[in-house]
Each structure stands twice: as C-alpha cells, then as structure tokens.
Amino acid sequence: MLSDLQKETAKAIVNIFETGSARGDYARVTLLTGDSGHLTYGRAQTTLGSGNLYLLIKAYCDAPGALCARALRPYLLRLADIDLRLDTDWAFRNLLKEAGGDPVMQETQDAFFDRVFWAPAVAAANRAGLSEPLSVAIVYDSVVHGSWGAMRDRTIARIGDASRAGERKWAVAYLDTRRDWLSSHPNTLLRKTVYRMDTLKALAAAGNWKLDLPMVVRGVRIDAEILGVRPPVTASAIDAATRNLRLTNPPMTGNDVRALEAALVREGYAINQDGVFDAGLEAALKAFQREYGLVDDGIAGPATRLMLGI
C-alpha cells in the first residue's frame, strides 16, 4: 500500500513528463503533429483521440458551479464522436484554457485523473504482482501514456511474469521493452518520449524504489513542500481507434462490444453475448462500475476497459 506522499510523488513524476511541472498544468492545451491522441488537455494531458477528453469535459459540465459548463456543453456530442476538427477549433481550445483556471475544473481533473488513470493503474500493478512505489509509478506512466497492456504482455513473453522473475528485475525489463518499442515506433514523435523510460530507469538504478524525497526529475525538484501545495515532448501511445462503448440509437455493434460482453461474463454477469450494446449490457456495465468504484455512467471508456482487462 502506497502512502499518500508516495502516491503524490508518482503522480508528480508523470505530471513532469506531461507538462513539465510537478503540480501539472490544468489549462494546458497541446496539439503535436503526428500524435495519435490528437488534441490533449489538462494536468495529465488527456486526449481527444482516446475518448477521455469527452469524459472529462462531461464530468466538468455536470459539476455544480462549473463556470464554463454552459459554453462547453454544446461541444459534448462532437467530443463523444471524436470529431478531429476540434484539433483546430480555436474557440474550443480557448474555452479549455479558460476553464483550466476554474477551481471546479481543477477539482474535476484531480478526481477524473485519479479515477481514470491512477486507480486502474494501481489495480493493473496489483494484478501484475507489482507493489513497490516505483513499480506502481512505472505502470501509472504507461496507463497515462498508453499501451501498458501490450508492453506488459511483451515483457512476460520475454522473461515470464513478476512472480517468476522478481518484481524489480521484471520492472526494469519492462522499461527496457517499452524503451525498445518507443525508440523504433513508426510514429517518430513517440521515439522522442524514450526519456520517460530513461528517467524511470535512473530511479531504479539509484535504488529509489520507495520514491524517497527529495528527487529531481528532468531538472524539476520534487519535495514534500511542493507536493503539499498541490497542478518536454508529449505524445499519446493510446490507440486512437478504440471506441468508448455506450448505449446509442442505433446500438453499437462489433467485436469490441463482444469483448466487453465476454469480460463482463467473466466477472459473473449474466448477459447475452450477441455483439449488440443494448440496455441489458448497459445495466450490467453500470453494476460493474459501481462495484469497482467507477462512475456508473454506462460508458466503457479507457478506465473501465482497463479494470475489465480488455
């Protein structure tokens, strides 16, 4: 179990990777040519392409007292549909920057990123047999950056799981595997993000598995005082083709719906496995989300899929 300070330290490391600040930048809007995530926003740089930007803005618009909710609400349908024209919609981008200064947005982002990235990362680390603070930080970085599952499986294929290899050896092997993948990725922008692996490997080489403070990450100091105050090259490795599955009219169908059904059946839910996202599937999904402390909105977004192992 990580202490609150270790948890905040792990998040600060990734904040530095994403925004250059240990506290993060709630108003940061980024668009890098060739980034599969497309428009990115906020303290942990959530992406339009992953569908997470829709979920974040929806949560903000639903929050009491949100100053920019009225202006942002008309964009929700386009966000849900991953309308890539929003990349260059300057009115929308300026609204995001303005909303970043709203304390309600900052609270929403803190809760959202904990729910969508941190909690699933901790669960994924536990399933992989990883419990040391640096190991959890490594998983958290990959959940935020994207492609944790694929790199986990590639590492297991190389050296076995953590129980066989030993946690620290496995974690370092994972960093090597991920670095190799990033350094030769067809998206040349992702090749520039190998510094994330180099930074985490340096912490491992220094033996700082407990994330003891103070530390310096990419020239930024992290200490207890900074973390107590409480918000580089970035590019998303998340597959932008992944849909947020939800109840629509006509209903969504396809292999991704079947994978969701199969995962819920494995969790003990009795549903028809017909590849159609209907009201019964939505009800089962909401029940699963409630059971695991997720927002029970019936939307199978990245956090829900990660918790389901799909």
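These questions and answers cover aromatic rings in a predicted model.

Me: How many aromatic pairs does the structure hold?
Reply: Nine.

Me: Why is the pair of Trp118 and Tyr140 called edge-to-face?
Reply: The angle between the planes is 70°. Planes over 60 degrees apart count as edge-to-face, so the term applies. The centres are 5.1 Å apart, and the limit for a pair is 6.5 Å.

Me: What makes this a link between distant parts of the chain?
Reply: Trp118 lies in helix 6 (residues 103–127) and Tyr140 in helix 7 (residues 133–145). They are 22 residues apart.

Me: How do you know whether Trp118 and Tyr140 are buried or exposed?
Reply: Trp118 has a relative accessible area of 8%. Tyr140 has 0%.

Me: Why is the pair of Trp170 and Tyr174 called stacked?
Reply: Their planes meet at 15°. Under 30 degrees counts as stacked. The ring centres lie 5.7 Å apart.

Me: Where do Trp170 and Tyr174 lie?
Reply: Both are in helix 10 (residues 167–183). Four residues separate them, about one turn of the helix. Trp170 is buried at 1% relative accessibility, and Tyr174 is buried at 0%.

Me: What makes Arg218 count as a charge over the ring of Tyr195?
Reply: Its charged end sits 3.8 Å from the ring centre. Arg93 lies over the face of Trp90, at 4.1 Å from the ring centre.

Me: Which residues form one aromatic cluster?
Reply: Phe112, Phe113 and Phe117.

Terms used: Residues are numbered from 1 along each chain as its sequence is written. This is a predicted model: local features need pLDDT of at least 70, side-chain atom pairs count only at pLDDT 80 or more; totals for chains, interfaces and linings use all residues. Side-chain values use heavy atoms; hydrogens and water are left out. Rings of Phe, Tyr and Trp (its six-membered ring) pair if their centres lie within 6.5 Å; planes under 30 degrees apart count as stacked, over 60 as edge-to-face and the rest as tilted. Helices (H or I, at least four residues) and strands (E, at least two) are DSSP runs, numbered from the N terminus. Buried means under 20% relative accessible area, exposed over 50%, partly exposed in between (1.4 Å probe, protein chains only). A charge sits over a ring if NZ of Lys or CZ of Arg is within 6 Å of the ring centre and within 35 degrees of the ring normal.
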